[in-house]
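This explanation leads the reader through one protein chain. It begins with charged side chains and then turns to helices and to the chain as a whole.

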Amino acid sequence: MEVVSPRTLEEALRLRAAEPGLMPIEGGTDVMVDLNFDRRRPVGLLNLNEVPELRGWSRDDGLLRIGASLTYAQVRQRPLADTLPALAEAARTVGSPQIQNRGTLGGNLGTASPAGDSLPPLLIERADVELASVRGVRTLALERFLLGPKRNALAADELIAGIRVRPSGARQTFMKVGPRNAMVIAVVSLALAVDREREELRAAYGSAGPVPGLVTASTGERETFPELVAAAAEPIDDLRGTAAYRRHALRVLVGRALERCWA
Ligand SMILES: Cc1cc2nc3c(=O)[nH]c(=O)nc-3n(C[C@H](O)[C@H](O)[C@H](O)COP(=O)(O)OP(=O)(O)OC[C@H]3O[C@@H](n4cnc5c(N)ncnc54)[C@H](O)[C@@H]3O)c2cc1C
């Protein structure tokens, strides 16, 4: 299979526009599994690992810009981990150290799995996705980018360039339920923020609906918030758990997360 390795974002975008059949690849932790199981047969791979504009993160006047190639291992590092603590907690739960070293936020957005662990922490921070093409750059609220199970709003000629987020400074946490502590796809996951400044509670669930969902309420609604989040979720029965269990677990997780973040 042909592998094309552009050295700049401009070159990557030109290649993407010229041959939309080339599949973008960052860490390859989802792509290589799909290729090995013959689930996808792209004409070739667009290797984004040599594109410097997709790496690292920067802060400008309170706005964070995180490159699509940022790995979970990098998300765990300070000072970024102190700025987006729920995202750092989620990164610590992803796969194994090998997966955390290779897997990227851009890849998690590209896959758009309902179980994608970076998505709930980014939703509670109201992150935007930066999409680039030869036509220009546009940003889309993460909520609008996620369209359905493994479906996103990426156009055929676009690449995910990064994530833009204005960290709220709210106390926040991430929790994940699975049959063991490592190498699990979440049966259900939750990110929660208690935002005193805006007097707002924000919760986002994973693996409990076709896409990770965001639920908000005022801080005055603390007592009823677990029920509100559980009711908003749209879980299904599958081999990892029943819909009823997922809803129950979500209710419990919201209660625990509120206890943790309220103080
Ligand atoms: C053993 C194992 C354990 C795992 N555990 C977890 C887990 O606990 N939690 C979790 O959320 N995930 C988990 N995953 C899934 C995977 O690691 C994550 O989804 C990861 O974030 C994918 O990142 P990547 O860089 O490897 O993506 P890739 O495999 O390179 O790409 C994934 C998808 O995104 C597209 N893509 C990548 N970059 C771009 C871009 N810049 N622009 C446009 N499209 C792009 C690709 O075309 C592809 O469709 C696991 C995978 C494995 C193999």
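**A network of charged side chains**

A network of salt bridges links Glu125, Arg126, Asp195, Arg198, Glu200 and Arg202. The model is a predicted one, in which local features need pLDDT of at least 70, side-chain atom pairs count only at pLDDT 80 or more, and totals for chains, interfaces and linings use all residues. Residues are numbered from 1 along each chain as its sequence is written, and side-chain values use heavy atoms, with hydrogens and water left out.

Side chains of opposite charge can pair when their charged atoms come close. Here a salt bridge is a side-chain nitrogen of Lys or Arg within 4 Å of a carboxyl oxygen of Asp or Glu, and by this rule the count comes to 20 salt bridges. One of them joins Arg202 to Glu125, with the closest N and O atoms 3.7 Å apart. Arg202 lies in strand β13 (residues 200-206) and Glu125 in the loop between α8 (119-124) and β6 (128-133), so this pair ties together parts that are 77 residues apart in sequence. Helices (H or I, at least four residues) and strands (E, at least two) are DSSP runs, numbered from the N terminus.

Both Arg202 and Glu125 are buried; buried means under 20% relative accessible area, exposed over 50%, and partly exposed in between, with a 1.4 Å probe and protein chains only. Arg202 has a relative accessible area of 3%. Arg202 also meets Glu200 in a salt bridge, at 2.7 Å from N to O, and Glu200 counts as buried at 17% relative accessibility. Another salt bridge joins Asp238 and Arg240, at 3.7 Å from N to O. Asp238 is partly exposed at 29% relative accessibility, and Arg240 is partly exposed at 33%.

Leaving aside residues up to four places away in sequence, Arg246 touches Val187, Val188, Ser207, Pro235, Ile236, Asp237, Asp238, Arg240 and Gly241, where contact means heavy atoms within 4.5 Å.

Helix α11 (residues 243-262) also packs with helix α10 (residues 225-232), at an angle of about 145 degrees and with their axes 8 Å apart. The axes are lines fitted to C-alpha atoms, for helices over the stretch in contact, and angles run from 0 to 180 degrees between N-to-C directions. The contact is made by Phe225, Pro226, Glu227, Val229, Ala230 and Ala231 of α10 and by Arg247, Leu250, Arg251, Val254, Gly255 and Leu258 of α11.

In helix α5 (residues 85-93), the buried residues are Ala86, Leu87, Ala88, Ala90 and Ala91. The buried residues of α5 pack against α3 (72-75), α4 (80-83), α6 (97-102), α7 (105-111), α8 and β11 (171-177). After α5 comes Gly95, whose phi is positive, near 45 degrees.

The chain as a whole has 11 helices and 14 strands. Its radius of gyration is 18 Å, close to the 18 Å that the globule rule gives for 263 residues, so the chain is as compact as a globular protein of that length. The radius is taken over C-alpha atoms, and the globule rule is 2.2 Å times the number of residues to the power 0.38. Of the 263 residues, 53% are buried.
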